[in-house]
Amino acid sequence: MSSEVLPQRRTNSRGEVKMPFGRWFREKGWRHLVAVAAIVFSIFPLLYVLSAALDPSGTMVGSNALFSNLSFGNFTELFENQERPFGKWFVNTLVIGLVTSALTVFLGALAAYAFSRMRFKGRRIGLLSLLLLQMFPQILTVVAIFLLLNFLGDIIPAIGLGSSLGLIMVYLGGALGVNTYLMYGFFNTVPQSLDESARIDGASHVQVFFRIILPLVTPILAVVGLLSFIGISSEFVIASVVLTDPDSQTLAVGLYSYVSEQRSENWGVFAAGAVLAALPVMALFLFLQRYITSGLTAGGVKG
């Protein structure tokens with residue numbers, strides 16, 4: 001009686017059966033190629049900007065050969081130019097971004113708590129109004145903002161044109177909207193039985209909000225704060241209209257002066273400033289990264 005010899009299966013050091021390469025590539029391997037392509041696509045612009053920042057020629061053409069010339073002259077010029085105070089721009093951006101982001105999170109959390117936990121007349125219309133108002137771009141409000149701050153500056157100079165406080169007030173005017181709607185969806189995922197238990201023990205709305213709700217919704221607060229800081233740090237149109245004094249300008253407005261003049265463009269210094277401007281955003285992103293995934297996904301579970 002003849003017996004057929006079965007092919008031996010390949011196993012690894014732990015005795016597990018190895019998957020054939022063709023099957024592995026069809027099921028999992030192609031994902032690695034897509035990931036590598038995405039990483040290269042994302043990293044190349046960053047490498048190009050860093051190469052331009054380290055190129056002493058000051059032109060983008062000289063940066064085509066990445067890291068062919070290395071020098072820190074562009075970074076030195078950023079801080080030595082007295083007419084363009086980069087250090088003040090950096091501090092102004094941090095102050096405006098952090099203060100506005102913190103107040104945006106606080107105001108949005110208050111509004112989201114009210115819409116999520118309280119039942120009042122006009123609640124649904126208010127939610128829809130906040131969402132519909134985001135349809136209109138900010139550029140439509142530039143003229144109105146300029147005239148308003150110009151008028152207020154004659155009465156209260158601290159919030160007039162050229163003041164950081166005035167710009168913060170303008171940004172806070174649009175603090176609600178999508179942020180409130182995003183927080184509202186996250187707040188709804190917190191069981192209302194926690195609120196009811198706290199009220200039975202005699203807690204007020206303020207105590208429930210600060211001691212129970214806020215600690216449970218920390219992920220969405222971190223996400224909204226991060227997105228607000230990124231948007232404010234890179235905002236140009238409104239900041240360029242409000243901040244007329246070079247000493248009060250932000251990085252987005254100040255760095256534009258290096259490339260705005262046709263015959264005196266200096267892309268190397270601009271790239272160096274862009275690299276330094278990205279450091280606060282990267283630091284904040286790394287600090288809040290553990291909240292980002294849960295904050296972005298959990299808000300869509302229940303609305």
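Tutor: What follows is a close look at helix H3 and two helices that it packs against. This is a predicted model, in which local features need pLDDT of at least 70 and side-chain atom pairs count only at pLDDT 80 or more, while totals for chains, interfaces and linings use all residues. Residues are numbered from 1 along each chain as its sequence is written, and side-chain values use heavy atoms, with hydrogens and water left out.

The protein chain has 13 helices and 0 strands, where helices (H or I, at least four residues) and strands (E, at least two) are DSSP runs numbered from the N terminus. Of its 303 residues, 36% count as buried, which here means under 20% relative accessible area with a 1.4 Å probe, protein chains only.

Two packed helices are described by the angle between their axes and the distance between the axes. Helix H3, residues 86–117, packs against helix H10, residues 218–234, at an angle of about 140° and with the axes 8 Å apart; axes are lines fitted to C-alpha atoms over the stretch in contact, and angles run from 0 to 180 degrees between N-to-C directions. That angle makes H3 oblique to H10, because angles under 35 degrees count as roughly parallel, over 145 as roughly antiparallel, 65 to 115 as roughly perpendicular and the rest as oblique. On the H3 side, the residues that meet H10 include Thr93, Gly97, Thr100 and Thr104, and among their partners in H10 are Leu221, Gly225 and Ile232, with contact meaning heavy atoms within 4.5 Å. By class, this contact of H3 with H10 has 9 nonpolar, 8 polar and no charged residues, where Ala, Val, Leu, Ile, Met, Phe, Trp, Tyr, Cys and Pro count as nonpolar, Asp, Glu, Lys and Arg as charged, and the others, Gly among them, as polar.

Thr100 lies in helix H3 and counts as buried because its relative accessibility is 0%. Leaving aside residues up to four places away in sequence, Thr100 touches Ile168, Tyr171, Leu172 and Ile232.

Helix H3 also packs with helix H7, residues 178–187, at an angle of about 50° with the axes 8 Å apart, and H3 and H7 are therefore oblique to each other. Among the residues of H3 that meet H7 are Gly108, Ala112, Phe115 and Arg117, and the H7 side includes Asn179, Met183 and Phe187. Sorted by class, the contact of H3 with H7 has 9 nonpolar, 5 polar and 1 charged residues.

Notes
Buried means under 20% relative accessible area, exposed over 50%, partly exposed in between (1.4 Å probe, protein chains only).
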